[in-house]
Amino acid sequence: MLYPIQNNVRNRLDLSGIWDFKRDPEEAGVEQGWFNGLSDARPIAVPGSWNDQYEDLYYYLGMGWYARTTYIPQSWKSERVMLRVGSANYWAAVWVNGQKAGEHEGGHLPFAFDITDLITFDGPNIIAIQVENHLKPTRVPSGNLEGVVLGGVASYPRTSFDFYPFAGLQRPVLLYSVPPVHIEDITVVTGREGANGIVRVRATVAGGTVESGHLLLAGAGQAVEAELTFANGAAEAALVVPSARLWSGDDPYLYELTVSAGSDRYSLPVGIRTVEVKEGQILLNDKPVQLNGFGRHEDFYASGKGLNLPLLVKDYGLMRWIGANSYRTAHYPYSEEEMMLADREGFLIIDETPAVSLQFDNAENMAERLRMCLQQTEELINRDKNHPSVVMWSVANEPMLPDQMARMSGEVQSATPPESIDFFRKLVDRARQLDVTRPITLVGIMGGPSEWHALTDVICINRYWGWYVLGGELAKALDRLDKELDETWKQHGKPIIITEFGADTLAGLHALPGVMWSEEYQTELIRGYLDVAADKAFVAGMQIWNFADFAAVQSAGRVGGVNMKGVFTRTRTPKMAAHMLREYWMRPVTLSRPAGSR
Ligand code: BDP
């Protein structure tokens, strides 16, 4: 799915701004014709979650209506006009001038409708968007599950996952125009032959037929071209780039590819690089690389999970300051604006679907979740396949079996239900079908079945020795970690990334000796994990949970409804651990310093 761009043939109109908003708890809006505009509405910012913009909306997760009017430029008259929503949590329906353009299910991923036949060029157009975010057992991620208690303590709202279920139009709403016969999709796959870069391009067109097209790849002082010949709406060609300047974390060089077909033209940045898993290592351009950094969240005061560009730039600056080269988009796809920045800034990303805390309760619910997981995996790969920064797909985070609590403490190891293995085989297979160029992973919880990991290319594990298990007993915790890492390597022979480890920490709380929740304890725990992993060549990355404190649901374990495992506070002030990490990751290269870290 191409990101809408402005050039000399395509147009884009950003509808970000203040919209009208109204709650619809009775879900009577359609019957009452709210698609024609909202009476007694209040102003609300788009993009932005609705929850933290008004006190009475914080816990509201039901139906909400957004509306605004817009003119559409006369100059778009001979074009197809599309309306695109960057993300709406969780379900949305779009109405244009009182008529339904379409609906979409699932948060964090974009969707677009052709609204050419619904618009007028002679006056204002009414755009109304319904969004609804009920927590339901069959959704991905799920909520209000019978018998499931997050972390073993009562929580509200009743999510099955540990972050606030922010709702609304969280990313920009765009209008854009394309020529009637237009480029529908572009897939770029890069490779290398000796010093040359190989850029394979596949383009598809929609709305009619074109016979030929053209590719131009410009950058590093050269331009390479190729002709495209279309058959059945698709064309492919390979460009050879002599002595290519490769994309990497240290030199995130981007070429510009322009695809022309008929009267349409689309340009996108291309990073030439290869990713591979070989002999227990992750190789970027044939060199072993370590993915060091964080699990993060899209989260901030007032904007919730809404796109917040200044925060994005600031967070990237802080990640560079601390010496991180990588992060995981825990636990859902992040904004497209963020992915583009990662390409430019050279961060290595594990790109995750919204399949967080999947439960294996009953066949009916699982079938419904599998349908959503497959849809979200497809939508994510379609959206992000051309980003050089994406080095791996994660199809799930911490799926849980019913006896998870007992498994976590090592008391019980029941047999792994075959249907759960089948579930992940289907997901991993689908991801592999859609992208043969990137490794696939699944992020496992403590005590999670090893059969699930056996399906993937890289073992990603979250570990809370020293926090949820052996809390306060750091020496024992590190010993367990040490042994477990060796056993896991022996069992699977695949590179291992610890994708989560950390400790909740109240900024400003100090103690000697370090106790849980103090800055000293967090610092010692993180440092201890890094030291244990440093001697193990098969550890391909260490990602701390979390980059910054973030909004969670209310529970006895979340002070003020905030998960405090950040090494920065929610307002981005560094805790003690941040300074330790900066020293660790930025220190001059020594033998024990993980290769590839900055
Ligand atoms: C892990 C989850 C993550 C939580 C974290 C925690 O993957 O979403 O926020 O634990 O408890 O289990 O802090």
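**Briefing: cores and overall form of a predicted model**

The largest nonpolar core has 131 residues, and those with the most contacts inside it are Ile129, Phe294, Phe424, Ile526, Val567 and Leu581. At least three residues of this core come from each of domain 1 (17-171) and domain 3 (289-585). The structure described here is a predicted model.

**Nonpolar cores**
- Ile526, one of the residues with the most contacts inside the largest core, touches Phe501, Ile544, Val567, Ala577, Met580 and Leu581 when neighbours within four places in sequence are left aside.
- A second, separate core has 31 residues, including Ile186, Val210, Leu215 and Ala235.

**The chain as a whole**
- The chain contains nine helices and 34 strands.
- Its radius of gyration is 24 Å, close to the 25 Å given by the globule rule for 598 residues, so the chain is as compact as a globular protein of that length.
- Along the principal axes, the C-alpha atoms fill a box of roughly 70 × 65 × 45 Å.
- Of the 598 residues, 61% count as buried.
- The chain exposes about 22500 Å², of which carbon and sulfur atoms supply 52%.
- Among contacts with a separation of 6 or more, 71% join residues 24 or more positions apart.

**Leu2**
- Leu2 is found in the segment before β1 (11-14).
- Leu2 counts as buried because its relative accessibility is 11%, and buried means under 20%.
- Beyond residues up to four places away in sequence, Leu2 is in contact with Arg84, Ile183, Glu184, Asp185, Ile186 and Tyr266.
- Leu2 and Tyr266 are 264 residues apart in sequence, yet their C-alpha atoms are 9.0 Å apart in space.

Conventions:
Residues numbered from 1 in each chain as written. Predicted model: local features only at pLDDT ≥ 70, side-chain atom pairs only at ≥ 80, totals over all residues. Heavy atoms only, no water. Core = buried A, V, L, I, M, F, W, Y, C linked by side-chain atoms within 4.5 Å. Buried < 20%, exposed > 50% of the residue type's maximum accessible area, 1.4 Å probe, protein only. Domains from an automatic or database assignment. Contact = heavy atoms within 4.5 Å. Helix = DSSP H or I, 4+ residues; strand = E, 2+ residues; numbered from the N terminus. Rg over C-alpha atoms; globule rule 2.2 N^0.38 Å. Areas by Shrake-Rupley, 256 points an atom, 1.4 Å probe, with all protein chains shown as cover.
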